[in-house]
Amino acid sequence: MGASRRAQLRDDDINPQHQPVTGDDHGPATEEVRGLIRLYRDGHVERLPAVASVPSASTPDPDVVCEELIVAGGLTARLYLLPKLQALPLLVYFHGGGFCVGSAAWRCYHEFAARLAARANCAVLSADYRLAPEHPLPAAYEDGLAVLRWVIHCASGELARWRRLCDFSRVFLAGDSAGAAIAYHAALKNDAKSEAAAPLRGVILIQPFFGGAARTWSETNLPQSSKSALSLATSDCYWRMALPAGADRDHRWCNPLAAKMPAEEASRLPALLVCDSELDILRDRSGEFCKAMSSAGVRVDQVTMAGVGHAFQILHNYPLSQARTSEMLTHIRDFINDRSKGRGRREDIKMAS
């Protein structure tokens with residue numbers, strides 16, 4: 001994902017080889033997503049202030065209150081609550097940013113999490129995680145699972161005071177872009193037979209950031225406008241910084257379809273809601289993922305939002321962004337309601353028009 005004009009990321013936002021950027025004593029930049037991050041030859045990382053961080057004290061929705069927390073041994077998070085008479089499902093959310101940038105404190109994510117809580121009628125725990133390239137994968141995946149386990153462990157302790165507002169027996173995982181990949185991998189590791197497992201009712205993946213060595217049609221042929229938040233070059237740059245040394249895009253931490261999913265792993269996954277976008281280069285990869293999950297026996301709902309691209313719900317950079325965000329939140333609310341009652345469907349592919 002990205003942010004505003006500085007993060008409307010296109011091919012020319014990747015630092016061209018013939019125009020080297022130097023960082024004083026750090027040598028030339030070897031990787032760059034313009035306006036967001038530079039990685040220098042000596043390993044120094046420079047993150048640029050592309051998006052403002054905002055305090056948790058105020059939210060854009062008057063019905064939502066937010067509290068800042070330290071979770072899972074030192075990760076920052078924000079808990080968004082609706083003060084209601086009954087306890088609501090808890091949705092654990094991870095932000096996007098190619099595993100390299102982003103924060104729950106970014107204004108765009110703070111506002112989206114508050115809106116998500118209000119529209120989907122749930123409590124939202126929006127958590128940070130360690131970023132690459134300083135912490136390459138699987139660090140972010142490990143943190144995602146740690147946050148999920150922390151929620152369950154603290155439900156009778158540190159978070160007990162929120163039990164009136166949060167139903168810890170109805171937990172959902174969610175995220176957008178890289179955060180969706182984190183949610184997916186945390187769900188894979190959440191073995192329901194283990195005492196440490198969370199009572200996961202469902203997983204919501206918004207434009208999941210998966211990759212692969214072979215290109216899909218949408219990655220190579222989908223026209224990209226200046227409104228696009230993710231180009232193929234930007235995607236490749238993030239993967240080069242996020243994957244461990246020597247790994248390619250068919251590594252399991254990038255490509256969940258590189259190898260057939262074992263039946264045991266598939267059995268661990270609850271129902272999935274996958275929300276992708278018609279103008280996103282990841283659209284076809286998302287479709288392949290949904291079909292593979294359904295074939296493995298996982299319940300999948302797929303909704304494709306028409307006329308918008310990657311991270312539209314965060315950047316609001318398309319004329320239809322607000323309307324599509326509202327529609328997507330309705331799908332999320334309905335999924336949470338259905339799964340809270342134990343219902344689910346096989347693959348159900350829809351296009352919002």
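Does R38 count as buried or exposed, and at what relative accessibility? At 19% relative accessibility, R38 counts as buried, because buried means under 20% relative accessible area, exposed over 50% and partly exposed in between, with a 1.4 Å probe and protein chains only. Welcome to a predicted model, in which local features need pLDDT of at least 70, side-chain atom pairs count only at pLDDT 80 or more, and totals for chains, interfaces and linings use all residues. Residues are numbered from 1 along each chain as its sequence is written, and side-chain values use heavy atoms, leaving out hydrogens and water.

**Around R38**
- You will find R38 in strand β2 (residues 37–40); strands (E, at least two residues) are DSSP runs numbered from the N terminus, as are helices (H or I, at least four).

**Neighbouring strands**
- Strand β4 (residues 65–71) pairs with β5 in the antiparallel sense over seven bridges; pairing takes at least two DSSP bridges between two strands.
- These two strands, β4 and β5, form a hairpin with three residues between them, and A72 in the turn has a positive phi of about 50 degrees.
- Strand β5 also pairs with strand β7 (residues 123–127), antiparallel over four bridges.
- R78 in β5 stands opposite E68, and its bridge partner in β7 is S126.
- Six of the seven residues of β5 (residues 75–81) are buried.

**Cysteines**
- The count of disulfides, pairs of cysteine sulfur atoms within 2.5 Å, comes to zero.
- C66 is buried at a relative accessible area of 15%, and C254 is buried at 0%.
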